[in-house]
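Here are a few exercises on how two parts of a protein meet. Grab the model and work through them in order.

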Amino acid sequence: MTVSTNLPSFHTPGVEDDRTGLGIETLKRAFFDNLYYVQGKLPNRASTVDYYMALAYTVRDRLLQRWLATEDILTRPEVRIVGYLSAEFLMGPHLGNNLINLDIYAPVKQAIEESGLNLQELIDIEEEPGLGNGGLGRLAACYLDSLASLQIPAIGYGIRYEFGIFDQEIVDGWQVEITDKWLKYGNPWEVARPEEAVEIKFGGYTQPYTDDQGRYRVRWVPGSTVMGIPYDTPITGYNVNTVNTLRLWKAEAPESFDFTAFNQGDYWGAVNDKVVSETISKVLYPNDEQIQGKQLRLQQQFFFVSCSLQDVIRRQLESGRTLDTLHEKFSLQMNDTHPSVAVAELMRLLVDEHMLEWDHAWDITTRTLAYTNHTLLPEALEKWSVSLFGSLLPRHLEIIFEINSRFLDQVRLRYPGDEARLGQLSLIDEGGDRSVRMANLACVGSHAINGVAALHSELLKKTVLHDFYELMPEKFCNVTNGVTPRRWLALSNPRLTALIDRRIGNGWLTHLDRLRELESAADDAGFRHEWRMVKRDIKADLADHIANRTGISVNPDTLFDIQVKRIHEYKRQHLNVLHIVTLYHRLKQNPNQDMAGRTFIFGGKAAPGYDMAKRIIKLITSVGDVVNKDPDVSDRLRVVFLPDYNVTFGQRVYPAAELSEQISLAGLEASGTGNMKFSMNGALTIGTLDGANVEIREEVGAENFFLFGMKTEEVTALRSQGYNPMSYYHSNETLKAVIDLIASGHFSHGDRELFRPLIDNLLYHDPYMLLADYQSYVDCQDQVDRAYRDSENWVRMSILNAARMGKFSSDRSIQDYAQTIWQADAVPIEIEA
Ligand code: 9GP
């Protein structure tokens, strides 16, 4: 289906319009107009931020017609819409990405340069909206890019947090958290739509009543009300007319000022309501912390879910359809369990507010909703205590009990007498303080349940969702994650992109499988030379950045070995450190040891309340302090911790990497997406058979991947036979020496206590089995060292890695979702002039 729109155009035919024109002179005029009329600045008084804002408005003007045209087609009854419900969207800066997607990078660069400014400086000054913790939020952002690029009408629904993920500084080697004030200069990309605000209710009690047809009904009498105000951001597709919307909700008080209270002299009381209401969208919760029991978090989840579902229902009705066909117009994807209260809220809206019968409403709800699971870590599966849930959402608790009772009746029919199974499938955990299991709610209320990599989807069926799989196998499927090559290649690695263009022409950014055409180039010595030169230049840039940022000088001719991701024990950054200390120990013993020089680069944030993760950062910086200053080793080893890892930082780091560290304990990383960004940019992976590493290795070929460590089954077997980390320590001389060196205070100015919690944890518990995988990791790293010294072959492997990454474009992932779960089609838009 192609649709055309003929929205009124405000152009004079034949005259290039200042708001849409792409001529260099027009762009310059538009830019200075926006500086003057929107930003209110004269050029001689304008700061870089003012210029950035003026340019952002200039670019936004150029996408508005397409945005409005896309908004317009959503109102047509036959157009199916995907709603992506996610508590996190880690979008990254918009300006550069929009220049790429609108294909206006070159004229804008020229216009800005002719104005005496530097485009890269303006791109670099943008404060990125850090509205996510890591992989999950960034995946949502890649998916929005692909939905628009594939011309699938979609709306991303989330929360407009006033403060996103904290900024990280490193002080004395430790992480320090700084509030992220991303909105401090305003946000030129968003448009507030207060006229589409909705009301959200909390607390209170419920009342049964009989309606005028004599039917039993329930009314919710809330204790308080909050307003949800939508803020819309345009999501451009690559080289298409589709511009979808990211709609983020901000919480406000219904009346921002209580005049009665004010007139009675209660000034603070009068503003208090406003303050309390706005708290809901104030700050993003850093993950990995115990969120169970945090009332505000549940409020946030319900807030954005209810806002979004009311918005969906309004759109359905405005398109001229009734709610009976909601599932025909909308497919709503729940990104993890965070939005899973949607199951109960959609039922409430349909049954209590729109008076549908329960069975009918249930059919619509389950056909509309689908659930993606992103983790096997038991502590991340959300649960809410029944008492907290009931006090905040009393009607929803009743609805959940009703869903549960009907569901368990079916389970009883299927498994008579199997009380244990009933207890595990129940939406309510009856043990201790009773709680609502959000993953179970999501499974029961969805028509599809997917994991995010082949291995993860299999493990879900075998472990955490095993009982659901046995009961309803038809719901289960896999959609392996992907990342957008527009941001992660075209924008972040223009030099490699240009080299690939020269070799295979363009068009591959939307058909990433076409990168396979590079395979033959791997055997071309001239091309290998160009490839190596591109990498060398990018490494030199990163080396400059490292020197500016940390004062550490690194040699761009050493192997850049990079691990960037959230800091977590299961991701095993400390295994990487054990390897570094191993090399250090070797070089100290034998200074003439023959090895390629290596620069180890780390980046990542630790959840503020996660002591062990923060101590891992301190360990990295401390080892770096000693190694980098030791003349015996510092020509061959450097260790850098780059502060404040975020999307902008990622764009700089992935292109410069030669070795990508994907070393989680097998069975624990659901997928990973950094692993894909690295390989796409020509890094080789050292990794375990975990998450999407398995599929990356299948694609790039075992001979182009450095594999080590136990497989999932071996991990399980070792655990069940009783894992004893101490036996590895005692039986491996080098491992013992390395651990003893850290414990002795060698890296902590003689302080033996600083790393004791880490060391004791490894020796006595080692939940992520570093010691069991240590030798295999070190052996594999030795193989890496040998391979790197055969530089021609290394470059060959690097080219083959990039060439075989087609599968990991988020376009492929979105096509999988569209076909298997959403039944959503492309709707190309023709815009009549
Ligand atoms: O830990 C997973 C990561 O492996 C995956 O790539 C990402 C996107 O699917 O989701 C992460 N999960 C979470 O952040 C929380 O469940």
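A salt bridge here is a side-chain nitrogen of Lys or Arg within 4 Å of a carboxyl oxygen of Asp or Glu. The model is predicted, so local features need pLDDT of at least 70, side-chain atom pairs count only at pLDDT 80 or more, and totals for chains, interfaces and linings use all residues. Residues are numbered from 1 along each chain as its sequence is written, and side-chain values use heavy atoms, with hydrogens and water left out.

**Exercise 1.** Find the salt bridges between domain 1 and domain 2.

Solution. Start with the bounds, which come from an automatic or database domain assignment: domain 1 is 1-76 + 95-127, and domain 2 is 78-92 + 130-195 + 229-249 + 284-479. Next, count: there are two salt bridges between these domains. Now look at glutamate 127 and lysine 184, whose side chains pair up in a salt bridge at 3.0 Å, N to O.

**Exercise 2.** How many residues of each domain are in contact?

Solution. Take contact as heavy atoms within 4.5 Å. Then 26 residues of domain 1 touch 31 residues of domain 2.
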